[in-house]
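Subject: Handover of a structure

Dear colleague,

Please find the structure below, together with its sequence.

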Amino acid sequence: LASREAHPQASIVDVGGIKIGGGNLAMIAGPCAVEEPERMMDIAAAVKKAGANIYRGGAYKPRTSPYAFQGSGEEGLKILREAGDAHGMPVVTEVMDPRCVEIVDQYADMIQIGARNMQNFVLLTEVGRTRKPVLLKRGMSATIEDLLMSAEYILSQGNSQVVLCERGVKGFDKVTRNLYDVAAVAVVKGLSHLPIIVDPSHATGRPDLIPPCALAGVAVGADGVHIEVHDCPERAKSDGPQALLPRQYAELVTQIRKLAELF
Ligand code: PEP
Ligand code: MN
C-alpha cells in the first residue's frame, strides 16, 4: 500500500486543514516537551509568526533515563491543544503506549510515532485503527525498507494518512547526535507515494547545523521540516541544547520558502 507502484501519484495528507505533500510543505515547530501553559502560548505565538503551520510538543516523552522528566500526560495534551487553537495551528504529539492512543486521538490533529517505537507493531496497528494522520519517524537503526513496512502496518488497518520522517540514524561519530540520512528522502520518494519530512533537530542535535540540514532536506524533496523551537533553551524541560530560538527559526522559514520556490 505504501509503494509507488500501488499508487503512482504523490499522496497529500490533510492535518486539520494543513496539506502535506504534492508541493505543500509542513512547517512543524515547537518545543520538545509540552511545558507550562503560558510558555506554550508564547512559543506558539512566536512560531506561528515565524511561519510554522503545525504546532508540536510531547506530552508523553520517551526518555533514556526513567528519572528524567517523562512528560505531563493528559494535562499536557490539553495545554498543547489550547495553545494550537489559540494560534490557529493544528497540533502533533507523540503516543508511546497503545492504551493512550484513544486519548491522544481526542486531543491531537496528528499522532506521532517516535523513533523508539517505529517497530512497536501493536502501537502501529492501534494508530492504524484511528482515522487521524500519523507522523511516523524512522527508527534509529531502521532501514528504509523497515520504515516502509512500518507504514504498511498503519495503512493496512485502513488509515491512509501517513507522513514519514527522517530524523537520523545511529552513527559512529558523536560529533552529531545522529547521522542525518538526507539521501533517504530521495530514496523514499522513488519507492513510495507517502509524504516524507525531515527532522534536522534530532538528526544533528546542533543548532548550528539545523538550518543548513533543513535546507538540504527540502532540496532533496522533503515535504516539510520538523524543528524544535524554544524561547529559553537553557530552561527547556527536554532537548534544550538543540532548540532554535524563535528568531533563528523565522530566518530559516524565510530561507526554506525561497528555496521551495525553485521547485
Ligand atoms: C521528538 O520528536 O521529540 C522525539 C522524541 O523524536 P525521536 O522519536 O525522533 O527521537
Ligand atoms: Mn526532542
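The notes below describe what was found.

The model is predicted, so local features need pLDDT of at least 70 and side-chain atom pairs count only at pLDDT 80 or more, while totals for chains, interfaces and linings use all residues. Residues are numbered from 1 along each chain as its sequence is written, and chains are lettered from A and ligands numbered from 1 in the order in which they are written.

The core. The largest nonpolar core comprises 81 residues. Such a core is a set of buried Ala, Val, Leu, Ile, Met, Phe, Trp, Tyr and Cys residues joined through C-beta atoms within 7 Å. A residue is buried if 20 or more other C-beta atoms lie within 10 Å of its own, exposed if 12 or fewer, and partly exposed in between, with C-beta atoms placed from the backbone. Among the residues with the most contacts inside this core is Val 47. Beyond its neighbours within four places in sequence, Val 47 is in contact (C-beta atoms, placed from the backbone, within 7 Å) with Ala 29, Gly 30, Ala 52, Tyr 55, Val 229, Pro 246 and Tyr 249.

The ligand. Which residues surround ligand 1? They are Cys 32, Gly 58, Pro 62, Gly 114, Ala 115, Arg 116, Lys 137, Arg 167 and His 202, each with its C-beta atom, placed from the backbone, within 6 Å of the ligand. By class, the shell has three nonpolar, three polar and three charged residues; Ala, Val, Leu, Ile, Met, Phe, Trp, Tyr, Cys and Pro count as nonpolar, Asp, Glu, Lys and Arg as charged, and the others, Gly among them, as polar.

Individual residues. Ser 192 lies in the loop between α6 (183-191) and β9 (196-198); helices (H or I, at least four residues) and strands (E, at least two) are DSSP runs, numbered from the N terminus. Ser 192 is buried, because 25 other C-beta atoms lie within 10 Å. Ser 192 and Pro 8 are 184 residues apart in sequence, yet their C-alpha atoms are 8.2 Å apart.

Glu 75, in helix α2 (residues 73-86), is exposed, with 12 other C-beta atoms within 10 Å.

Asp 239 sits in the loop between β10 (224-228) and α9 (246-260) and is partly exposed, with 19 other C-beta atoms within 10 Å. Most residues other than glycine have a negative phi. Asp 239 is not a glycine, but its phi is positive, at about 55 degrees.

Yours sincerely

Key
Two residues are in contact if their C-beta atoms, placed from the backbone, lie within 7 Å.
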